[in-house]
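Visitor: Hi, could you walk me through this one? I'd like to ask things as they come up.
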Amino acid sequence: LRTILMGPPGAGKGTQAPKIRDEFCVCHLATGDMLREQVQQKTPLGIEAKKIMDAGGLVSDDIMVGMIQDQLNNNKECKNGRICGGSVNTVVARFVLDGFPRTVPQAQKLDGMLEKRGEKLDSVVQLLIDDNLLISRITGRLIHAPSGRTYHKEFSPPKKPGVDDVTGEPLIQRSDDNVETLRKRLASFHAQTGPVAEYYKTKGLWHGIDAAQSPKIVWDNLRAIFVAKK
Ligand code: AP5
Ligand code: ZN
(Lines give C-alpha, C1' and ligand atoms only; values in the text may rest on other atoms or scores of the structure.)
(Ligands and ions follow the chains in the order given, each with its own letter.)
Protein backbone atom coordinates (compact mmCIF):
# COMPACT_ATOMS: atom_id res chain seq x y z
CA LEU A 1 0.00 0.00 0.00
CA ARG A 2 1.38 3.39 -1.02
CA THR A 3 -1.13 6.00 -0.05
CA ILE A 4 -1.62 9.62 0.91
CA LEU A 5 -4.05 10.80 3.56
CA MET A 6 -5.00 14.43 3.00
CA GLY A 7 -7.41 16.83 4.65
CA PRO A 8 -7.60 20.15 6.49
CA PRO A 9 -6.20 20.76 10.00
CA GLY A 10 -8.17 18.62 12.45
CA ALA A 11 -9.74 16.39 9.79
CA GLY A 12 -8.31 13.28 11.48
CA LYS A 13 -5.12 12.46 9.54
CA GLY A 14 -3.06 11.88 12.67
CA THR A 15 -5.90 9.88 14.24
CA GLN A 16 -6.40 7.54 11.28
CA ALA A 17 -2.89 7.19 9.80
CA PRO A 18 -1.52 5.07 12.70
CA LYS A 19 -4.44 2.67 12.19
CA ILE A 20 -3.49 2.31 8.51
CA ARG A 21 0.13 1.80 9.59
CA ASP A 22 -0.79 -1.02 11.95
CA GLU A 23 -3.46 -2.76 9.89
CA PHE A 24 -1.59 -2.70 6.57
CA CYS A 25 1.95 -2.89 8.02
CA VAL A 26 3.31 0.24 6.33
CA CYS A 27 5.48 3.09 7.56
CA HIS A 28 3.74 6.32 8.61
CA LEU A 29 5.43 9.55 7.57
CA ALA A 30 3.89 12.69 9.09
CA THR A 31 5.69 15.86 8.02
CA GLY A 32 4.09 17.93 10.82
CA ASP A 33 5.45 15.47 13.44
CA MET A 34 8.90 15.60 11.81
CA LEU A 35 8.90 19.39 11.93
CA ARG A 36 7.73 19.42 15.57
CA GLU A 37 10.64 17.13 16.44
CA GLN A 38 13.05 19.64 14.86
CA VAL A 39 11.36 22.43 16.82
CA GLN A 40 11.74 20.48 20.03
CA GLN A 41 15.42 19.82 19.35
CA LYS A 42 15.91 23.53 18.52
CA THR A 43 17.76 22.76 15.29
CA PRO A 44 18.24 25.70 12.84
CA LEU A 45 15.44 24.22 10.71
CA GLY A 46 13.23 23.82 13.78
CA ILE A 47 13.73 27.45 14.82
CA GLU A 48 12.74 28.69 11.34
CA ALA A 49 9.90 26.18 10.98
CA LYS A 50 8.33 27.16 14.32
CA LYS A 51 7.83 30.74 13.13
CA ILE A 52 6.15 29.53 9.95
CA MET A 53 3.98 26.91 11.71
CA ASP A 54 2.84 29.36 14.39
CA ALA A 55 1.86 31.79 11.64
CA GLY A 56 -0.13 29.07 9.85
CA GLY A 57 2.08 29.17 6.75
CA LEU A 58 3.88 26.44 4.82
CA VAL A 59 7.53 25.43 5.10
CA SER A 60 9.35 25.53 1.71
CA ASP A 61 8.76 22.79 -0.83
CA ASP A 62 12.48 22.00 -1.13
CA ILE A 63 12.83 21.37 2.60
CA MET A 64 9.72 19.20 2.75
CA VAL A 65 10.59 17.17 -0.35
CA GLY A 66 14.09 16.63 1.04
CA MET A 67 12.64 15.36 4.32
CA ILE A 68 10.38 12.83 2.62
CA GLN A 69 13.14 11.65 0.32
CA ASP A 70 15.44 11.18 3.29
CA GLN A 71 12.79 9.22 5.19
CA LEU A 72 11.95 6.94 2.25
CA ASN A 73 15.66 6.19 1.85
CA ASN A 74 16.78 5.97 5.44
CA ASN A 75 13.87 5.41 7.83
CA LYS A 76 14.29 1.79 8.92
CA GLU A 77 10.59 0.99 8.78
CA CYS A 78 10.25 2.42 5.26
CA LYS A 79 13.45 0.82 4.02
CA ASN A 80 13.47 -2.61 5.58
CA GLY A 81 9.79 -3.04 6.25
CA ARG A 82 7.92 -3.10 9.54
CA ILE A 83 7.50 -6.09 11.80
CA CYS A 84 3.82 -6.97 11.93
CA GLY A 85 2.23 -10.16 13.22
CA GLY A 86 5.68 -11.54 14.06
CA SER A 87 7.13 -11.32 10.54
CA VAL A 88 8.89 -8.57 8.66
CA ASN A 89 7.01 -6.89 5.85
CA THR A 90 9.98 -6.63 3.52
CA VAL A 91 8.46 -4.98 0.49
CA VAL A 92 10.23 -1.64 0.67
CA ALA A 93 8.69 1.79 0.88
CA ARG A 94 5.11 0.88 1.57
CA PHE A 95 3.84 3.96 3.27
CA VAL A 96 1.06 6.26 4.35
CA LEU A 97 1.93 9.94 3.99
CA ASP A 98 0.20 12.35 6.40
CA GLY A 99 0.53 16.09 5.71
CA PHE A 100 2.52 15.68 2.48
CA PRO A 101 2.23 16.67 -0.36
CA ARG A 102 0.61 20.00 0.46
CA THR A 103 1.36 21.86 -2.78
CA VAL A 104 1.30 20.81 -6.43
CA PRO A 105 5.12 21.13 -6.76
CA GLN A 106 5.47 18.75 -3.76
CA ALA A 107 3.11 16.28 -5.48
CA GLN A 108 5.06 16.49 -8.74
CA LYS A 109 8.38 15.97 -6.98
CA LEU A 110 6.95 12.97 -5.11
CA ASP A 111 5.89 11.44 -8.41
CA GLY A 112 9.39 11.94 -9.81
CA MET A 113 10.95 10.44 -6.68
CA LEU A 114 8.75 7.34 -6.82
CA GLU A 115 9.19 6.93 -10.56
CA LYS A 116 12.97 6.74 -10.09
CA ARG A 117 12.41 3.95 -7.58
CA GLY A 118 10.06 2.09 -9.91
CA GLU A 119 7.14 2.71 -7.54
CA LYS A 120 3.71 4.26 -7.89
CA LEU A 121 1.05 5.60 -5.59
CA ASP A 122 -2.05 3.45 -5.43
CA SER A 123 -4.47 5.85 -3.77
CA VAL A 124 -4.99 9.30 -2.29
CA VAL A 125 -7.74 9.70 0.28
CA GLN A 126 -9.08 13.07 1.32
CA LEU A 127 -10.89 13.47 4.64
CA LEU A 128 -13.78 15.80 3.80
CA ILE A 129 -15.19 18.05 6.52
CA ASP A 130 -16.69 21.50 6.86
CA ASP A 131 -14.32 24.18 8.20
CA ASN A 132 -16.66 25.17 11.04
CA LEU A 133 -16.52 21.66 12.57
CA LEU A 134 -12.75 21.93 12.92
CA ILE A 135 -12.57 24.68 15.55
CA SER A 136 -13.63 22.47 18.47
CA ARG A 137 -11.43 19.60 17.26
CA ILE A 138 -8.35 21.82 17.13
CA THR A 139 -8.91 23.77 20.35
CA GLY A 140 -9.61 20.57 22.34
CA ARG A 141 -6.70 18.53 20.99
CA LEU A 142 -3.95 17.23 23.26
CA ILE A 143 -0.86 15.41 22.01
CA HIS A 144 1.89 13.23 23.42
CA ALA A 145 4.79 15.00 21.73
CA PRO A 146 7.38 12.16 21.60
CA SER A 147 5.02 9.69 19.86
CA GLY A 148 2.57 12.06 18.14
CA ARG A 149 -0.33 10.22 19.85
CA THR A 150 -3.43 12.36 19.72
CA TYR A 151 -6.29 12.85 22.17
CA HIS A 152 -9.19 15.24 22.54
CA LYS A 153 -10.38 16.73 25.84
CA GLU A 154 -13.97 15.89 24.99
CA PHE A 155 -14.12 13.52 21.98
CA SER A 156 -11.26 11.17 22.80
CA PRO A 157 -10.04 11.81 26.35
CA PRO A 158 -7.00 10.04 27.81
CA LYS A 159 -7.70 7.49 30.57
CA LYS A 160 -6.16 9.86 33.14
CA PRO A 161 -6.60 13.58 32.51
CA GLY A 162 -3.51 15.22 30.98
CA VAL A 163 -1.34 12.11 30.65
CA ASP A 164 -0.53 9.70 27.80
CA ASP A 165 -2.24 6.28 28.09
CA VAL A 166 0.88 4.34 27.06
CA THR A 167 3.78 6.14 28.79
CA GLY A 168 2.05 8.15 31.52
CA GLU A 169 3.95 11.22 30.29
CA PRO A 170 2.28 14.65 30.15
CA LEU A 171 0.14 15.72 27.20
CA ILE A 172 0.55 19.17 25.65
CA GLN A 173 -1.36 21.52 23.40
CA ARG A 174 0.28 22.40 20.07
CA SER A 175 1.34 26.06 19.83
CA ASP A 176 -0.50 26.38 16.48
CA ASP A 177 -3.76 25.04 17.94
CA ASN A 178 -5.60 28.32 18.50
CA VAL A 179 -8.46 29.87 16.57
CA GLU A 180 -6.39 32.63 14.97
CA THR A 181 -3.69 30.31 13.59
CA LEU A 182 -6.31 27.76 12.58
CA ARG A 183 -7.91 30.32 10.26
CA LYS A 184 -4.59 30.86 8.51
CA ARG A 185 -3.93 27.10 8.29
CA LEU A 186 -7.36 26.63 6.73
CA ALA A 187 -6.73 29.42 4.24
CA SER A 188 -3.44 27.84 3.18
CA PHE A 189 -5.12 24.44 2.96
CA HIS A 190 -7.78 25.74 0.57
CA ALA A 191 -5.39 27.83 -1.53
CA GLN A 192 -2.39 25.50 -1.76
CA THR A 193 -3.63 21.98 -1.00
CA GLY A 194 -6.98 22.22 -2.81
CA PRO A 195 -5.15 22.06 -6.17
CA VAL A 196 -3.31 18.91 -4.97
CA ALA A 197 -6.68 17.12 -4.79
CA GLU A 198 -7.39 18.22 -8.38
CA TYR A 199 -3.94 16.96 -9.42
CA TYR A 200 -4.73 13.47 -8.11
CA LYS A 201 -8.29 13.51 -9.46
CA THR A 202 -6.95 13.89 -13.00
CA LYS A 203 -4.73 10.86 -12.33
CA GLY A 204 -7.71 8.81 -11.18
CA LEU A 205 -6.20 8.17 -7.73
CA TRP A 206 -8.42 10.38 -5.57
CA HIS A 207 -11.07 9.16 -3.10
CA GLY A 208 -13.06 11.36 -0.72
CA ILE A 209 -14.67 10.24 2.53
CA ASP A 210 -16.89 11.98 5.05
CA ALA A 211 -14.67 12.85 8.02
CA ALA A 212 -17.41 14.41 10.15
CA GLN A 213 -18.47 10.93 11.32
CA SER A 214 -17.10 9.20 14.41
CA PRO A 215 -13.46 8.00 14.26
CA LYS A 216 -14.73 4.40 14.08
CA ILE A 217 -16.94 5.03 11.04
CA VAL A 218 -14.21 7.05 9.33
CA TRP A 219 -11.84 4.14 9.90
CA ASP A 220 -14.31 1.56 8.52
CA ASN A 221 -14.73 3.64 5.35
CA LEU A 222 -10.99 4.18 4.94
CA ARG A 223 -10.23 0.53 5.48
CA ALA A 224 -12.77 -0.47 2.86
CA ILE A 225 -10.96 1.64 0.23
CA PHE A 226 -7.60 0.01 0.97
CA VAL A 227 -8.97 -3.52 1.19
CA ALA A 228 -10.56 -3.03 -2.24
CA LYS A 229 -7.17 -1.88 -3.59
CA LYS A 230 -5.20 -4.79 -2.16
P1 AP5 B 1 0.43 19.13 10.48
O2 AP5 B 1 0.94 18.63 11.74
O3 AP5 B 1 0.34 18.22 9.31
O4 AP5 B 1 -0.99 19.83 10.76
P5 AP5 B 1 -2.36 19.95 9.97
O6 AP5 B 1 -2.32 19.55 8.54
O7 AP5 B 1 -2.83 21.31 10.27
O8 AP5 B 1 -3.23 18.84 10.54
P9 AP5 B 1 -3.50 18.50 12.06
O10 AP5 B 1 -2.35 17.70 12.59
O11 AP5 B 1 -3.86 19.75 12.79
O12 AP5 B 1 -4.83 17.66 11.93
P13 AP5 B 1 -5.09 16.09 11.76
O14 AP5 B 1 -5.84 15.92 10.48
O15 AP5 B 1 -3.86 15.27 11.94
O16 AP5 B 1 -6.13 15.88 12.95
P17 AP5 B 1 -6.09 14.89 14.21
O18 AP5 B 1 -6.20 13.48 13.76
O19 AP5 B 1 -4.95 15.24 15.11
O20 AP5 B 1 1.30 20.38 10.01
C21 AP5 B 1 1.60 21.42 10.92
C22 AP5 B 1 2.33 22.54 10.20
O23 AP5 B 1 3.59 22.06 9.71
C24 AP5 B 1 1.64 23.11 8.96
O25 AP5 B 1 0.71 24.12 9.32
C26 AP5 B 1 2.83 23.66 8.16
O27 AP5 B 1 3.27 24.89 8.68
C28 AP5 B 1 3.90 22.63 8.43
N29 AP5 B 1 3.93 21.54 7.42
C30 AP5 B 1 3.65 20.21 7.62
N31 AP5 B 1 3.75 19.51 6.48
C32 AP5 B 1 4.10 20.40 5.53
C33 AP5 B 1 4.34 20.29 4.13
N34 AP5 B 1 4.23 19.11 3.50
N35 AP5 B 1 4.66 21.41 3.46
C36 AP5 B 1 4.78 22.61 4.08
N37 AP5 B 1 4.58 22.78 5.40
C38 AP5 B 1 4.24 21.69 6.12
O39 AP5 B 1 -7.48 15.29 14.90
C40 AP5 B 1 -7.68 16.58 15.49
C41 AP5 B 1 -8.47 16.44 16.80
O42 AP5 B 1 -9.77 15.95 16.53
C43 AP5 B 1 -7.85 15.44 17.78
O44 AP5 B 1 -8.00 15.93 19.08
C45 AP5 B 1 -8.65 14.15 17.58
O46 AP5 B 1 -8.74 13.39 18.77
C47 AP5 B 1 -10.03 14.70 17.17
N48 AP5 B 1 -10.71 13.85 16.17
C49 AP5 B 1 -10.13 13.19 15.13
N50 AP5 B 1 -11.07 12.52 14.41
C51 AP5 B 1 -12.26 12.79 15.01
C52 AP5 B 1 -13.62 12.41 14.74
N53 AP5 B 1 -13.93 11.61 13.70
N54 AP5 B 1 -14.59 12.88 15.56
C55 AP5 B 1 -14.29 13.68 16.61
N56 AP5 B 1 -13.04 14.07 16.94
C57 AP5 B 1 -12.03 13.64 16.14
ZN1 ZN C 1 -1.82 15.73 12.20
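Visitor: Where does H8 kink, and by about how much?
Guide: In this predicted model, the kink in H8 is about 40° and lies at Thr193, shortly before the proline Pro195.

Visitor: What end-to-end span should that helix have, and what does it have?
Guide: H8 covers residues 179–202, and at 1.5 Å a residue its 24 residues should span 34 Å. The end C-alpha atoms are 34 Å apart, which agrees.

Visitor: Which residues of H8 are buried?
Guide: Those are Leu182, Arg185, Phe189, Thr193, Val196 and Tyr200.

Visitor: Switching topic: which positions does UniProt list as "binding site"?
Guide: The unreviewed entry lists Thr31, Arg36, Gly57, Leu58, Val59, Gly99, Phe100, Pro101, Arg102, Gln106, Arg174 and Arg185. They span 155 residues in sequence and the farthest two C-alpha atoms are 24.6 Å apart, so they do not all gather at one spot.

Visitor: Which other residues of H2 are buried, and what covers them?
Guide: Besides Arg36, the buried residues of H2 are Thr31, Gly32, Met34, Leu35 and Val39. Their cover includes strand S2 (27–30), H3 and H4.

Visitor: How about Val59?
Guide: Val59 lies in the loop between helix H3 (44–54) and helix H4 (61–74). With 19 C-beta neighbours inside 10 Å, Val59 is partly exposed. Apart from neighbours within four places in sequence, Val59 contacts Leu35, Ala49, Ile52 and Met64.

Visitor: What kind of peptide bond joins Phe100 and Pro101?
Guide: A cis one, with omega about -5°. Pro101 is in the loop between strand S5 (95–98) and H6.

Visitor: Which residues other than glycine have a positive phi?
Guide: Cys25 is one, with phi near 55°, and Lys42 is another, also near 55°. Cys25 is in the loop between helix H1 (13–24) and S2, and is partly exposed with 19 other C-beta atoms within 10 Å. Lys42 is in the loop between H2 and H3, where it counts as exposed with 10 C-beta neighbours inside 10 Å.

Visitor: What does UniProt say about residues 141–176?
Guide: The unreviewed entry annotates them as "domain: Adenylate kinase active site lid". That span is 0% helix and 22% strand, and its end C-alpha atoms lie 11 Å apart.

Visitor: Last one, the overall picture: how many helices and strands are there?
Guide: The protein has 9 helices and 9 strands. Its radius of gyration is 17 Å, close to the 17 Å that the globule rule gives for 230 residues, so it is as compact as a globular protein of that length. Buried residues make up 32% of the 230.

Note on methods. Residues are numbered from 1 along each chain as its sequence is written. Chains are lettered from A and ligands numbered from 1 in the order in which they are written. This is a predicted model: local features need pLDDT of at least 70, side-chain atom pairs count only at pLDDT 80 or more; totals for chains, interfaces and linings use all residues. UniProt positions are given in the numbering used here, feature names are shortened, and annotations may be inferred rather than shown by experiment. Helices (H or I, at least four residues) and strands (E, at least two) are DSSP runs, numbered from the N terminus. A residue is buried if 20 or more other C-beta atoms lie within 10 Å of its own, exposed if 12 or fewer, and partly exposed in between; C-beta atoms are placed from the backbone. Two residues are in contact if their C-beta atoms, placed from the backbone, lie within 7 Å. The expected span of a helix is 1.5 Å times one less than its number of residues. The bend at a residue is the angle between axes fitted to the seven residues ending there and the seven starting there. The radius of gyration is taken over C-alpha atoms; the globule rule is 2.2 Å times the number of residues to the power 0.38.
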